[in-house]
Structure formats: C-alpha cells, structure tokens
Amino acid sequence: MLRIVTQRAEAEQELRRLASRTHSDQVIHKESTVREILLNVKRSGDEALIRYTLEFDHVDLQQVGLTISPEEKARAYEMISAKLLKAIRLAHQRIEAFHRERVPKSWVTHGPHGIVLGKKITPVDIAGLYIPGGRASYPSTVLMNAIPAKVAGVPRIAMVTPPSANSSSLGNESINPAVLVAAQEAGIQEIYRVGGAQAIGALAYGTQTIPKVDVITGPGNIYVTLAKKLVYGEVGIDSLAGPSEVLVIADHTANPLWVATDLLAQAEHDPLASAILLTPSETVAHQVVIEVEKLLKTHERRVLTEKSIANYGLVVITSDLEEATELSNLFAPEHLELEVEDPWALLPKIRHAGAVFLGHHTPEAIGDYLAGPNHTLPTSGAARHSSALGVETFMKSTSLIHYSPEALAEVAEAIDELTWAEGLPSHGDSVRFRLGDTEKNSG
C-alpha cells in the first residue's frame with residue numbers, strides 16, 4: 001500500500017530516507033567481497049573470469065566461450081521479431097540524432113600580443129560498456145551507452161554482459177538476442193559473455209581476452225556499482241548508478257490512472273526502486289493509491305513491484321505546487337514527471353533532476369526507449385551535481401596555450417610575485433630567463 005503523508009517535516013524525513021535507501025552496513029560487507037574479486041581478476045585474468053562465471057552464473061566459459069561468436073550474433077537476428085527489429089532501429093535513429101547535437105568541439109581564441117588559448121577535444125581510445133542481465137534484458141541500455149560512444153568517435157568499444165538466466169527458451173549460457181541485435185545495430189561487434197564485478201575488473205585491468213579500457217559506462221547491481229567505484233582512477237566511469245526512481249508532481253488536471261501506471265512503471269524495475277507522488281490535490285492523491293492497488297492485483301511482476309511500493313513508494317499531499325517543487329529539489333530525482341496544467345511554467349523552479357518529462361502525454365517510458373536523451377541518469381540525489389550519460393562521457397579536453405615574447409613580458413612581473421609568494425623560485429626563473437633577465441631574483 002502506498003503511504004500518504006501530509007506534513008512537510010515528515011515528507012522531508014521520508015524523502016531523505018528514500019534517497020539513502022542503498023546505504024547500509026551490508027554494503028560494507030559487499031565491498032570487501034568486490035575488492036577480492038577485482039584483485040583476483042587483476043592477478044589471474046581470464047582464469048578468474050571463468051571461475052567466477054561458473055560460481056555465480058553456473059556457466060562454463062571454457063565450454064561456451066568468453067567471446068560471443070559471429071554465429072551467435074547472426075542467429076540473434078533470427079530470434080527476434082520484425083517488429084522488435086524495427087523498434088530498435090527507430091530508437092537508434094532518434095537517440096543518435098539527439099546525441100549528434102551534443103558533440104563538443106575544439107576551439108581557440110586569439111588575444112592581444114599573439115596569445116592563443118583553447119581546448120582540444122578528443123575521444124578516449126577504448127570504451128567499455130556494461131549491460132546488465134538478471135531480472136530483465138535491456139536492449140535499450142545497449143543503445144543508450146553505445147550510440148554516444150560511437151558519436152563521440154571512440155575507435156574501439158568492448159561490451160560485457162552476463163549470460164542469460166531469465167528465459168527458458170534460451171540456454172543459460174546465451175545472451176538475450178535483442179541485446180545482441182541492439183549491439184550490432186549500434187556498431188558494436190566486440191561482445192563478451194561475462195557480468196558482475198568480475199566484468200568490471202576485466203575492463204579496468206584487462207585480461208588475456210578483454211582489453212583494458214579508458215572509461216566504463218552502464219548500470220548494474222550493487223556489486224557492479226561497487227566495482228566501478230573501486231576502479232575509478234584506474235579508469236573513468238560514467239556514474240555510480242543506484243536503483244531507479246521516479247517522482248511525479250501532479251495537480252488537479254492529472255489522470256490518476258496515468259499517474260498510477262507511471263509509478264508502477266518504476267516500481268517494477270527492482271524491489272529497491274522508488275516511486276513518489278507529490279500533489280496538492282487530495283482527490284488525486286487518494287485516487288492514485290486506489291488505482292495502484294487495482295493494477296497490482298494482476299501485475300505480472302506483482303511480488304517484486306509490491307515490495308518496491310510498500311517499502312519505497314510515497315504520496316505527499318503538499319500545500320501547493322511551490323511546495324511540491326521544493327520537495328522535489330530536496331530529493332533530486334532521477335526521473336521527474338510534471339503532470340500539471342502548465343508544466344513549462346513550473347520548469348524554472350526545478351533545479352535538480354536527471355530528466356524532466358513535461359505534460360500529461362510524456363510518460364517516463366518515452367525517455368527510457370526512444371525520445372533521444374539518454375536514460376542513464378544520476379540516482380540517489382546525485383542529480384544535484386551530475387548529469388545524464390552523453391557524448392561528453394567518452395571525450396576529454398586538452399588545454400591549449402600559446403604566448404608570444406610580448407605577451408610573456410606583459411605578465412612576467414605578476415608571475416614573479418606569485419612564484420615568490422608560493423616559494424617556487426624556479427617558476428619565476430622559467431619566465432625571466434626567457435626574457436633575457438638571468439640575474440638571480442632575491443624576491
């Protein structure tokens with residue numbers, strides 16, 4: 001049952017609890033396990049991957065292979081429907097079009113006395129993509145990670161994904177065919193049959209088969225997230241993704257059934273997923289709770305979804321929409337839906353959100369699959385300081401600086417003062433000597 005809260009203080013307390021729902025003593029124990037896995041992968045490479053995949057996924061990589069074969073990739077096209085292939089291609093087209101608008105460009109500016117300043121933008125050499133398996137398969141996540149890397153111009157992309165365990169029609173060593181098709185449609189041919197913390201270790205350190213990459217992107221379970229946290233610095237990462245979340249701000253014009261489906265669309269992801277409604281309308285609040293209960297009775301993932309709703313679902317009746325936006329900014333949701341009469345008027349008040357869905361006909365699902373903006377978004381309050389995965393994730397900038405003799409002479413005295421203030425005299429000498437002043441400066 002969805003809880004209804006009416007007091008501001010209680011609402012703030014509950015939102016803070018929901019934002020920190022993945023912080024527990026259990027995480028500390030799991031981190032030690034992940035450290036051990038990473039160390040073993042670093043030391044033993046493929047041997048460790050084979051051992052962990054047999055232990056965790058019950059798949060013998062020595063029999064089926066770590067690398068996905070050309071035959072398996074070709075067979076994947078035969079195993080999906082023409083309609084699904086068409087949908088994947090439509091999503092690819094729209095995601096690519098959006099990300100092509102975001103490619104950062106190199107630039108220079110010219111100042112007085114021959115000063116030139118700028119940035120040189122280059123892609124990383126190798127990107128590693130983690131595509132989760134487990135409770136569901138995510139061809140959309142393949143597209144959301146692979147397409148920005150391709151648009152960025154990354155010359156080599158390696159994808160890892162765990163063997164399938166969620167389809168009786170597939171052998172447990174198989175990769176979901178829709179995932180394989182999405183990867184190929186996005187131009188990814190280097191695909192490896194491995195998941196979990198061990199897959200992150202393989203990408204971070206390299207093995208006999210899997211290349212060491214420069215940046216790792218893609219969501220996963222707590223073990224994957226902890227592994228990404230621990231290898232950061234050895235490689236770059238996109239973010240530390242937690243369980244998914246949606247926050248809906250609704251007014252009297254909202255359709256309670258639509259809001260209920262949006263909340264359940266988030267809750268069905270994971271028992272730790274969070275679904276929140278903020279509304280000044282008591283009528284909408286109570287009707288949404290009723291609709292959620294009705295829909296849950298016949299939900300295909302009822303047990304999982306009920307856990308999410310019961311533990312991490314929340315309805316807050318606010319005094320007005322202003323208070324709703326303040327509470328939303330406090331939570332900083334991954335997904336924010338503005339199901340109100342005039343969402344564009346409310347948008348300037350929104351400061352923290354991974355993605356904003358405006359209006360009654362813009363459910364989060366449109367962003368999950370093919371609107372174009374990336375669905376890999378900051379969670380657990382990280383929207384206060386982080387952004388969606390994008391082309392920039394796979395690129396880096398190098399500063400460019402050029403000074404002429406005249407330009408150097410103009411700032412020499414100021415540099416000299418600063419070098420002596422910091423006790424670094426050779427810094428000052430490197431400027432003065434270039435200007436012909438070889439006398440030792442006493443400060």
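Mentor: Begin with one side chain. The side chain of T379 reaches the backbone nitrogen of G242 at 2.7 Å. Keep in mind that this is a predicted model.

Trainee: Where does T379 lie in the chain?

Mentor: T379 lies in the loop between α16 (364-369) and β14.

Trainee: Is T379 buried or exposed?

Mentor: Compare its relative accessible area with the cut-off: buried means under 20%. T379 has a relative accessible area of 4%, so this residue counts as buried.

Trainee: Which residues does T379 touch, leaving out those up to four places away in sequence?

Mentor: T379 touches L240, A241, G242, P243, E245 and E334.

Trainee: How do I read the two faces of a strand?

Mentor: In a regular strand the side chains alternate between the two faces of the sheet.

Trainee: Which strands pair with β9?

Mentor: One partner is β10 (residues 274-279), paired in the parallel sense over 5 bridges. Within that pairing, L247 has I276 of β10 as its bridge partner. To get from β9 to β10 the chain passes through helix α11 (residues 256-267), and this β-α-β crossover is right-handed. The other partner is β12 (residues 335-339), also parallel and also with 5 bridges. There, A250 stands opposite E339.

Trainee: What is the strand order of the whole sheet?

Mentor: The order is β1-β11-β10-β9-β12-β13, an open sheet of 6 strands with parallel pairing. At its edges are β1 (4-5) and β13 (355-358), each of which pairs on one side only.

Trainee: Which helices should I look for on this sheet?

Mentor: Look for α12 and α14. Helix α12 (residues 282-297) packs on the sheet and touches β1, β9, β10 and β11 (313-317), with its direction at about 160° to that of β11. Helix α14 (residues 321-331) lies across β9, β10, β11 and β12, and runs at about 170° to β9.

Trainee: Which strands form the antiparallel sheet?

Mentor: That open sheet has 3 strands in the order β2-β3-β14. Its edge strands, β2 (107-110) and β14 (395-402), each pair on one side only. Ignoring direction, neighbouring strands are turned by 15° against each other on average. Between β2 and β3 (residues 116-123) there are 4 bridges, and H110 stands opposite V116.

Trainee: How do I read a nonpolar core?

Mentor: Ask how many residues it has, then which elements supply them. The largest core here has 39 residues, and those with the most contacts inside it are V142, L143, V154, M159, I188, I191 and F394. The elements that each supply at least two residues are α6 (82-100), β4 (126-130), α7 (139-152), β5 (156-161) and α8 (177-185). Helix α7 gives the most, with 8 residues.

Trainee: What is V154 in contact with, leaving aside its neighbours within four places in sequence?

Mentor: V154 is in contact with P123, V124, D125, I126, A127, A149 and F394. There is also a second, separate core of 30 residues, which includes V34, I37, V59 and V160.

Trainee: You named M159 and I191 in the largest core. What is the bridge partner of M159 in β6?

Mentor: It is I191. The strands β5 and β6 run parallel and are joined by 4 bridges. In β6 (residues 190-193), E190 and Y192 lie on one side and I191 and R193 on the other, and all four are buried.

Trainee: How many helices and strands are there in the protein?

Mentor: There are 18 helices and 14 strands. Of the 443 residues, 49% are buried. Among contacts with a separation of 6 or more, 73% join residues 24 or more positions apart. The C-alpha atoms fill a box of roughly 85 × 60 × 45 Å along the principal axes.

Methods: Residues numbered from 1 in each chain as written. Predicted model: local features only at pLDDT ≥ 70, side-chain atom pairs only at ≥ 80, totals over all residues. Heavy atoms only, no water. Pairing = 2+ DSSP bridges. Right-handed = clockwise from strand over helix to strand, strands pointing away. Core = buried A, V, L, I, M, F, W, Y, C linked by side-chain atoms within 4.5 Å. Buried < 20%, exposed > 50% of the residue type's maximum accessible area, 1.4 Å probe, protein only. Contact = heavy atoms within 4.5 Å. Axes fitted to C-alpha atoms, helices over the stretch in contact; angles between N-to-C directions. Polar contact = N/O pair within 3.5 Å; in protein donor to acceptor, adjacent residues only side chain to side chain.
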